[in-house]
Amino acid sequence: MGLELFNTFILLLLVVTALAALRVRDLITAAAVFGVYSFLMCLLWAEMGAVDVAFTEATVGAGISTVVLVATIFNLRRKSND
Amino acid sequence: MKWISLIPVVAVGALLLFAATDFPEWGDPKSPASQSPVSSHFINNTGVDTEVPNMVTAVLADYRGFDTMFETVVVFIAGIAVLAILKGSGRRRRGPRTTYKVEAEPDLIVTNTVRLVVPVIQLFAFYVLAHGHVSPGGGFQGGVVMGASFILIALAWDLDHALVRMSLPRCIAIAAAGIIIYAGIGFLSMFLGGEFLDYAELERVLPVSREMARYHAMLGVEIGVGFTVTSIMFALYANLSSEGRLKGGL
Amino acid sequence: MFEDGAIINELLIERLNYFIYVVLLLIGLHAMISKRNLIKKLIGMSIFQTSIILFYVSIAVKDEATIPIYKAEHDPHGAASKAAALELNSTDEAKPLYAPAELQPEETQQYANPLPHVLMLTAIVVGVATFGLALALCLRIQQGYGTVEEDELLVKIERSDARYSQSPLAKAINPRRRPARTSRKPRTASKATRVSQKSASSPKSTGATQTKKSAPKTKATQARKKPAPATRKPAVKKSSVRKPANKTTSPKKKGAE
């Protein structure tokens with residue numbers, strides 16, 4: 001029962017962060033929230049028993065993907081119109 | 001446009017939800033994915049065939065090694081393509097300059113901390129790579145952690161500091177060397193009489209049994225993957241942060 | 001269809017996790033279609049990909065199952081295997097020093113299904129490679145057009161298309177080609193101007209092709225031929241494409257001539 005509650009809570013948080021990453025106007029904030037989304041995915045998979053996938057998502061999704069996104073936004077305009 | 005685009009999205013959602021009622025229950029051991037003979041074969045026979053405790057690494061590097069080889073090639077091609085798109089393009093700049101430059105000196109605390117921490121990170125990356133047989137880890141994870149250590153050097157000082165240690169020609173050479181190692185082990189198995197990537201045939205050159213030959217060949221293959229992934233992750237960062245010029249940047 | 005809300009009950013309570021996977025997928029898909037900023041589109045693409053990976057990994061879960069790494073009693077190099085193998089080897093010397101224990105079929109229920117994990121490892125890595133490449137393309141677009149907003153990009157691409165169709169290169173590639181019109185110009189230009197433009201440009205273009213084919217392709221002759229298109233340009237420019245000629249293309253034309 002506790003595990004189901006945990007799963008449901010993390011899934012709802014995933015939806016919230018996905019919506020937030022797309023709604024904020026500042027692109028660097030969007031990159032940071034996208035990193036939070038990746039970490040929540042990693043947590044969910046670690047709880048499900050997929051430890052290799054969680055490790056890969058933690059390094060690749062929350063590590064490389066976020067850093068590379070910030071490095072690109074550094075060269076663009078930081079504020080988006082929508 | 002935003003309200004019109006909701007129509008196909010909601011239609012796709014309705015179709016998917018209509019199909020979602022047929023999915024198995026959460027965690028059902030009798031679900032078709034878990035009952036398939038392929039996964040039962042993998043769970044039962046990984047220890048017997050390869051003596052590797054981590055089933056995911058064994059399936060990734062041995063039973064589905066052909067898949068992993070082309071995945072490494074995909075990562076390599078992505079790195080080369082980023083290089084081709086961005087190299088030599090930073091000089092033509094049309095439009096107003098809307099970005100901001102970072103003019104700060106490297107901070108004392110950050111540089112000294114990074115100086116202490118980066119060797120530990122790289123050692124941890126080697127550990128993750130080598131211990132992937134027994135614990136979660138393997139080639140990709142270790143390679144990405146290693147690439148991230150170079151990105152950390154680039155972030156603490158400037159990009160030139162990291163490029164001195166890992167220049168772009170060296171990155172491409174290491175990436176290519178990784179794929180050559182992977183394919184080389186496969187071809188070596190083929191020359192020794194087996195099929196391509198049939199690691200058990202390596203017992204003719206190594207003084208171990210057939211199962212341990214697969215064990216050690218999996219380590220060699222993961223090292224190849226680690227080479228490619230680490231160099232391409234750093235090359236990706238270096239090109240994207242400096243717009244292909246490799247000067248300045250984050 | 002909604003008898004007693006049975007479907008709603010089934011979707012939202014028993015299969016809530018699949019419902020949320022579909023919601024995440026739709027968020028990603030809607031972002032890719034409707035957002036105007038290219039970086040937001042890419043974030044939507046990544047959300048889409050991770051939701052699919054989440055779905056796959058979640059069908060590998062088994063109740064009361066542990067991670068797909070052998071436990072101590074099944075470990076091929078563990079103490080239990082060695083003890084079991086020593087018992088076996090007491091009678092038979094041809095076997096190796098120790099052999100890994102064979103797993104009984106009913107014990108496979110203890111381990112999570114490793115196959116979707118493997119497939120999704122590949123999917124994550126390919127996803128990050130795609131993401132990096134897409135970001136490189138965004139950067140290149142920013143360098144070329146100065147913006148990554150889709151509506152501004154569309155205007156600039158149309159203008160540069162119109163500008164390109166007036167250039168000597170486009171005419172050399174296809175001499176009989178009708179120049180592109182911008183979207184601002186009303187489609188119903190009077191037939192008289194269109195007919196006159198056609199008759200004005202076609203003998204000159206045929207003359208240009210004949211002279212270009214007959215003359216040897218040396219640099220001197222091409223240099224001599226250059227003023228000829230320049231004299232023809234004002235006639236075509238004024239009649240067909242008005243707006244870019246006024247605003248952005250006139251300084252460029254002066255530079256080319």
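Across the interface of chain B and chain A, how many residue pairs does the rule find in polar contact?

Modeller: Across the interface of chain B and chain A the rule finds five residue pairs in polar contact, both residues being at pLDDT 80 or more; a polar contact is a pair of N or O atoms within 3.5 Å, where within protein one must be able to donate a hydrogen and the other to accept it, and residues adjacent in sequence count only if both atoms are side-chain atoms. This is a predicted model, in which local features need pLDDT of at least 70 and side-chain atom pairs count only at pLDDT 80 or more, whereas totals for chains, interfaces and linings use all residues. Residues are numbered from 1 along each chain as its sequence is written, chains are lettered from A and ligands numbered from 1 in the order in which they are written, and side-chain values use heavy atoms, with hydrogens and water left out.

At this interface the rule finds zero salt bridges, a salt bridge being a side-chain nitrogen of Lys or Arg within 4 Å of a carboxyl oxygen of Asp or Glu. Chain B and chain A bury about 2000 Å² between them, 71% of it on carbon and sulfur atoms; buried area is the accessible area (1.4 Å probe) that two parts lose on being put together, summed over both. On the side of chain B that touches chain A, α7 (139-156) and α10 (210-242) each supply at least two residues, and α10(B) gives the most, with six residues. That side of chain B divides into 14 nonpolar, eight polar and two charged residues (Ala, Val, Leu, Ile, Met, Phe, Trp, Tyr, Cys and Pro count as nonpolar, Asp, Glu, Lys and Arg as charged, and the others, Gly among them, as polar). The contact, meaning heavy atoms within 4.5 Å, takes 24 residues from chain B and 21 residues from chain A.

Chain A itself has three helices and zero strands, where helices (H or I, at least four residues) and strands (E, at least two) are DSSP runs numbered from the N terminus. The C-alpha atoms of chain A fill a box of roughly 45 × 25 × 10 Å along the principal axes. Chain A also meets chain C: helix α1 (residues 2-23) of chain A and helix α2 (residues 16-34) of chain C pack at an angle of about 10 degrees, with their axes 10 Å apart (axes are lines fitted to C-alpha atoms, for helices over the stretch in contact, and angles run from 0 to 180 degrees between N-to-C directions). α1(A) is therefore roughly parallel to α2(C), a term for angles under 35 degrees. Among the residues making the contact are A:Leu11 and A:Val15 of α1(A) and C:Ile20 and C:Leu24 of α2(C), and by class the contact has 14 nonpolar, two polar and no charged residues.

Between chain B and chain C, 64 residues of chain B are in contact with 61 residues of chain C, and the buried area is about 5700 Å², of which carbon and sulfur atoms give 69%. The largest share of the side of chain B that touches chain C, nine residues, comes from α3(B).

Technical notes. Angles under 35 degrees count as roughly parallel, over 145 as roughly antiparallel, 65 to 115 as roughly perpendicular and the rest as oblique.
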